[in-house]
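I set down below what I looked up in this structure. The entries follow the order in which I consulted the model.

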Amino acid sequence: ECIIGADSHTCTYGALGAFSTGVGTTDIATGMAMGELWFKVPSAIKFVLTGKPGRYVSGKDIIIHIIGKIGVDGALYKSMEFTGDGIRNLSMADRFTMANMAIEAGAKAALFAPDEKTAEYSQVDLADVDWLYGDEDAEYCQTITYKAEDLVPVVACPSQVDKIRAVKEVEGTELDQVFIGSCTNGRLEDLKAAAEILKGKKVADYVKLIVTPASRKIYRQAIELGILDTLAEAGAMITHPGCGLCCGRAGGIMTDGERVLATNNRNFLGRMGTSKVEIYLGSPKTAAASAIAGKIVEA
């Protein structure tokens, strides 16, 4: 399907093999009224992922690494197509995260060809969607290959999404706050990963850990599975579902000189408070471990 939404991160649907992209209010109104819209067909960059990532390397680390390499305009008005045997080793949550952040490289859309995991998630027969695989003679403007086993946990440093450093390079950077949530990493799998690290431990003194489930459904599932109990016992502040601190409107707005490690998709100046707040972006596992330490550390 071709899907449009009034949010730049609408490209998240690409994890399911859908061409999805964010548009402005005029285009949304036109789509609602006419049922069609004008697009320029984007050229494609092929990202080949081989092998299996390490235990603490998630889809967030992979996509941040890619953005760091190609830059915030490296895929401007192009589609980012993710393929290779390494994709099979990624969960659907990882794929949603990677598709979600394609816009941070300027991409028009992100695309994952469906496999057994996609079919199970979407409850479809793979035989009905095999045409979504790229042709053998498909043309790409660029092909980039990564070995999953070579990738390490990374963070995006203030205040650019492509200002990437390995977590080990910035270990010891003190934090005032940690945020786990957003449409990028507020899924059940993300909350579960954080809870596994926080179980039986406590958030560091004078550090706030704010957890915002991405939706009401995820919130209820996390309650039923005891995930929110584990997070709360560790000292996390659980907020109502939604965007929360990601868009700087609620749940932990920060002030001059404060520093946060967050799992959302952007770390622009003024995103989560004043323009003097330092925002680091990382995975839920890195965020959870850092909340315990009170400073940026590897899980």
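I began with the surface: the accessible surface of the chain comes to about 14,200 Å², and carbon and sulfur atoms hold 49% of that area. Accessible areas were computed by the Shrake-Rupley method with a 1.4 Å probe, and for residues only the protein chains shown count as cover. I note that this is a predicted model, in which local features need pLDDT of at least 70 and side-chain atom pairs count only at pLDDT 80 or more, while totals for chains, interfaces and linings use all residues. Residues are numbered from 1 along each chain as its sequence is written, and side-chain values use heavy atoms, with hydrogens and water left out.

**Overall form.** I counted 10 helices and 13 strands in the chain; these are DSSP runs numbered from the N terminus, helices being H or I of at least four residues and strands E of at least two. The radius of gyration is 19 Å, close to the 19 Å that the globule rule gives for 299 residues, so the chain is as compact as a globular protein of that length. The radius is taken over C-alpha atoms, and the rule is 2.2 Å times the number of residues to the power 0.38. Along the principal axes, the C-alpha atoms fill a box of roughly 55 × 45 × 40 Å.

Of the 299 residues, 51% count as buried (under 20% relative accessible area; exposed is over 50%, partly exposed in between, with a 1.4 Å probe and protein chains only). Among contacts (heavy atoms within 4.5 Å) with a separation of 6 or more, 73% join residues 24 or more positions apart.

**Helix 10.** I found seven of the 10 residues of helix 10 (residues 284–293) buried, so this helix is largely enclosed by the rest of the structure. Its buried residues include Pro284, Thr286 and Ser290. Gly294 follows helix 10 and has a positive phi, near 80°.

**Asp150.** I located Asp150 in the loop between strand 6 (142–147) and strand 7 (154–156). Asp150 is exposed, at 53% relative accessible area. Between Asp150 and Phe82 I read 68 residues in sequence and 17 Å in space, C-alpha to C-alpha.

**Cysteines.** I searched the whole structure for disulfides (pairs of cysteine sulfur atoms within 2.5 Å) and found zero. Cys2 is in no disulfide, its nearest cysteine sulfur being that of Cys11, 13 Å away. Cys11 is likewise in no disulfide; the nearest cysteine sulfur, that of Cys183, lies 8.7 Å away. Cys11 counts as buried, at 1% relative accessibility.
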